[in-house]
Amino acid sequence: MTAPAPAHQDRREPRGGRARTVATVLSGLVLGALGLVTAGWLALAYGTLPEDGHDREALDGAGLGALFAIGFAVPTLLLTILPVALGWLRRRWFLPPAVLLLLAAVRYTYLVQVYDPW
C-alpha cells in the first residue's frame, strides 16, 4: 500500500498562479479608478445646467466636463485591451468605459446643437 501524499503537494497553483492574480487585481484597480474619474467628469457635464443660451460659465463647465469625460474614456477603453487579451479580465470590462464615452458624446453633441456655445 502506498502512503498518502503530503498535504503541501495537493495544493498546486493554476498556471500563472499568483502573478496572474496580481495582474488581474492591478488591472481592475487601474481601470476602476479611471472609470470613477470619467464618471466624475460626466457628472459635471450633466450636473451643470445652463439657465439660457447666454449662461457662458455653465455652458463652458458642461462642455469641458463632457470633453474631459471623453478624454478619459478613450484611454480607458484602450488600456482595457491588454488585460482582456491576456485573459486577466473578461470582455465585460469594455462596457463601463464604452457607456461613459457614449453618454459624454451625447451630452457634448446636445450642448453644441442646442446652445451653439462656441
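How far apart should the ends of helix 2 be at 1.5 Å a residue, and how far apart are its end C-alpha atoms? Helix 2 covers residues 17-47, and its 31 residues should span 45 Å. Its end C-alpha atoms are 44 Å apart, which agrees. The expected span here is 1.5 Å times one less than the number of residues in the helix.

Some ground rules. This is a predicted model, in which local features need pLDDT of at least 70 and side-chain atom pairs count only at pLDDT 80 or more, while totals for chains, interfaces and linings use all residues. Residues are numbered from 1 along each chain as its sequence is written, and side-chain values use heavy atoms, with hydrogens and water left out.

Now the overall layout. The protein chain has 4 helices and 0 strands, in the order α-α-α-α from the N terminus. Helices (H or I, at least four residues) and strands (E, at least two) are DSSP runs, numbered from the N terminus. Of the 118 residues, 27% count as buried; buried means under 20% relative accessible area, exposed means over 50%, and partly exposed is in between, with a 1.4 Å probe and protein chains only. The accessible surface of the chain comes to about 8,300 Å², and 66% of that belongs to carbon and sulfur atoms. Those areas come from the Shrake-Rupley method with a 1.4 Å probe, and for residues only the protein chains shown count as cover. Among contacts (heavy atoms within 4.5 Å) between residues at least 6 apart in sequence, 70% join residues at least 24 apart.

Back to helix 2. Its buried residues include Ala-23, Ser-27, Leu-31, Leu-34, Thr-38, Leu-42 and Ala-45. What do the buried residues of helix 2 pack against? They pack against helix 3 and helix 4, the latter being residues 95-115. As background, an α-helix has 3.6 residues a turn, so residues three or four places apart point the same way.

Next, helix 3. Its 30 residues should span 44 Å at 1.5 Å a residue, and the end C-alpha atoms are 44 Å apart, which agrees. Just after helix 3, Gly-87 takes a positive phi of about 85°.

The residue to look at in helix 3, which runs over residues 56-85, is Thr-76. Is Thr-76 buried or exposed? Thr-76 counts as buried because its relative accessibility is 3%. A polar atom of its side chain lies 2.6 Å from the backbone oxygen of Phe-72. Leaving aside neighbours within four places in sequence, Thr-76 is in contact with Leu-31, Leu-34, Thr-38 and Pro-97. Of these, Leu-31, Leu-34 and Thr-38 are listed among the buried residues of helix 2.

Gly-35 is also in helix 2, but it counts as partly exposed, at 21% relative accessibility.

Helix 4 is the last stop. Ala-104 belongs to helix 4 and is buried, with a relative accessible area of 0%. Not counting residues up to four places away in sequence, Ala-104 touches Leu-42, Ala-66, Ala-69 and Ile-70. Ala-104 and Ala-45 are 59 residues apart in sequence and 7.7 Å apart C-alpha to C-alpha.

Thr-109, another residue of helix 4, is partly exposed at 44% relative accessibility. Its C-alpha atom is 9.3 Å from that of Gly-63, 46 residues away along the chain.

Finally, the surface. Tyr-46, Leu-95, Val-99, Leu-102, Leu-103 and Val-106 form a nonpolar patch with about 540 Å² of accessible area together. Helix 4 gives the most to the patch, with 5 residues. Patches are made of residues with over 30% relative accessible area and no salt bridge; like charges are joined within 9 Å, and nonpolar side chains (Val, Leu, Ile, Met, Phe, Trp, Tyr) within 5 Å. A salt bridge is a side-chain nitrogen of Lys or Arg within 4 Å of a carboxyl oxygen of Asp or Glu. Val-106, in helix 4, is partly exposed, with a relative accessible area of 45%.

Key
A polar contact is a pair of N or O atoms within 3.5 Å; within protein, one must be able to donate a hydrogen and the other to accept it, and residues adjacent in sequence count only if both atoms are side-chain atoms.
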